[in-house]
Amino acid sequence: MAQSSTETDWVSRFADEVIAEAERRAPGKPVVVASGLSPSGPIHLGNLREVMTPHLVADEVRRRGFEVRHLISWDDYDRYRKVPAGIPGIDESWAQYIGRPLTSVPAPAGSAHPNWAEHFKAAMVEALAELGVEYDPISQTEQYTSGVYREQILHAMKHRGDIDAVLDQYRTKQKPGKKPQQKQVDEAELEAAEGSGAAAEDDGSAGEGGYFPYKPYCAECGKDFTKVTSYDDATTELTYVCAEDGFTETVKLSEFNRGKLVWKVDWPMRWAFEGVIFEPSGVDHSSPGSSFQVGGQIVHIFDGEQPIGPMYAFVGISGMAKMSSSKGGVPTASDALKIMEPQLLRWLYARRKPNQSFKIAFDQEIQRLYDEWDKLEGKVADGSVLPADAAAHTRAVRVASHELPRTPRPMAYRTLASVVDITAGHDEQTLRILSDLDPEQPLTSLDEVRPRLDRAENWITTQVPADQRTLVREEPDTELLSSLDEEARQSLRMLVDGLDTHWSLDGLTTLVYGVPKVMAGLEPDAKPTPELKVAQRTFFALLYRLLVTRETGPRLPTLLLAVGADRVRELLAV
């Protein structure tokens, strides 16, 4: 008996929980799910899980007829903490801005955007549109500087003793020389999680004047190296001093908009303010004393409840270490969408439970992933797909409101990559080769295989090292040809003689595998034996050396089609 979708599909299970929780907390109101992104540097594919997890759940809730708001909070009022490595257009001179809000830091040189935050937000905004993610953006700079959170800030200051008591439960008192132990979360993982909230930010200033959960930005230097020294609840007069320049100022917090709550208070305040029902958190928030754990208690001070939501695991890249936005060079959603269609990227996030880590392929593995995707599409088409796989496929190809644009004739990615590799992107030659793949249904335009063709071309040109690219010989390798024995010469003649009658992808596949069989005295359709497989590999290596100078390359049938029959005859003439 087939399993129900709620037994097989993690998105449906969370949607059930979210709807039940929303009806308990706020019946009749829109269901609110949330994500938070800090544009402190490139927003990488690990950070994308912070968006895709609630997006997929929100989309399922929408499909069921409920009104949903997916909030994406841009934490652009966070402090600029360090100069990330490997970012074009910046150098160590940007260190002078450490401590300022991200929206008060200049964008990298040459950027079209007004500040650091907007520069790094832009690529993510574009990628989310391509991925079909519908959301309500919230700039925390705008929220704080316009006074939207004024009442919440005053409330937090009034209840600073209660907040301090909660935080004090988690403040570790270490023996000298001992480092805090954090189960499940290692230093590299904490480093990698920087893009989703300032998990490592301090929890407020405590001194002679007591504990204060608020950080002003200095009026003199614009930075947050400030410490609140006194506060009067009755008048809301607040005095701070800046450690950077010694500047001190007394302001009325009821009229002051140049500062923010510390992260461990800011996050639960927003849960209560927005009425968030569902928000996932990264593994960096899972340890005792982390923002999510502490926030679950502090949120009650704001008369709110902690959202439900899973801890999500890390996303890796084939052949790369864990991602950290501070180190530069980490792939973003925009980078991924240059080499894969939105459906494939959505599928990678939809098919794995949030607590399961997975990798996104920028290397040769992308060809296998595409093969797997095409196989899934075939199973969906013929009705043999399993329920959980069908659900993940549905979530990949459409959102509640519409289906994502797709390639009209999705030819195999590895085939397209091989062809553009050989043709170096020459459109007329590419169209000729792709039309020869299926002579009974030839392509009339490359638009039929776009955008997949463009993604494959981008992958070849940006991700495949030059020494792995395919270069077809200009002239025959006469030295190698003259050294061949009669058996090898006969096998080449047999291949060349069969080109005309086998000139299609399937035909050439039969031909190249069949020649060694016939040479061994077998029928062309004989099942391969271990000895025959050795003979086939030897024959294939010879063809590669004669055609492209190496012993490996694109699949031979595709390569032969790409080179063209006349040139194959010329290069294999014996």
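Figure 1. A search of the whole structure, which is a predicted model, finds 40 salt bridges. Salt bridges that share partners join Asp9, Asp16, Glu60, Arg64 and Arg395 into one network.

**Figure 2. Glu21 and Arg24 in helix 2.** Both residues belong to helix 2, which covers residues 10-25. Glu21 and Arg24 are three residues apart, about one turn of the helix. A salt bridge links Glu21 to Arg24, with 2.6 Å between the closest N and O atoms. Glu21 has a relative accessibility of 16% and counts as buried, because buried means under 20%.

**Figure 3. The salt bridge between Arg398 and Glu403.** The closest N and O atoms of Arg398 and Glu403 lie 3.2 Å apart in this salt bridge. Arg398 is partly exposed, at 30% relative accessibility. Glu403 is also partly exposed, with a relative accessible area of 38%.

**Figure 4. The salt bridge between Glu486 and Arg493.** Here the closest N and O atoms, one from Glu486 and one from Arg493, are 2.4 Å apart. Glu486 counts as partly exposed, its relative accessibility being 47%. For Arg493 the relative accessible area is 33%, and Arg493 is partly exposed as well.

Figure 5. How many disulfides does the count come to? The count comes to zero. A disulfide needs two cysteine sulfur atoms within 2.5 Å. For the sulfur of Cys218, the closest cysteine sulfur is in Cys221, at 3.8 Å, so this pair is too far apart for a bond. For the sulfur of Cys221, the closest cysteine sulfur is in Cys242, at 3.7 Å, which is again too far for a bond. Cys218 is buried, at 1% relative accessibility. Cys221 is buried too, with a relative accessibility of 16%.

**Figure 6. Glu220 in a loop between two strands.** Glu220 sits in the loop that runs between strand 6 (214-216) and strand 7 (226-231). Is Glu220 buried or exposed? Its relative accessible area is 56%, so Glu220 is exposed, the cut-off for exposed being over 50%. Leaving aside neighbours within four places in sequence, Glu220 is in contact with Asp245 and Phe247. Asp245 is 25 residues from Glu220 in sequence, and their C-alpha atoms are 7.9 Å apart in space.

**Figure 7. The chain that holds these sites.** The chain has 574 residues, and buried residues make up 53% of them. Its secondary structure consists of 23 helices and 14 strands. The C-alpha trace spans about 100 × 60 × 50 Å along its principal axes. Among the contacts in the chain with a separation of 6 or more, 71% are between residues 24 or more positions apart. The accessible surface of the chain comes to about 25800 Å², and carbon and sulfur atoms account for 50% of this area.

Notes
Residues numbered from 1 in each chain as written. Predicted model: local features only at pLDDT ≥ 70, side-chain atom pairs only at ≥ 80, totals over all residues. Heavy atoms only, no water. Buried < 20%, exposed > 50% of the residue type's maximum accessible area, 1.4 Å probe, protein only. Helix = DSSP H or I, 4+ residues; strand = E, 2+ residues; numbered from the N terminus. Contact = heavy atoms within 4.5 Å. Areas by Shrake-Rupley, 256 points an atom, 1.4 Å probe, with all protein chains shown as cover. Salt bridge = Lys/Arg side-chain N within 4 Å of Asp/Glu carboxyl O.
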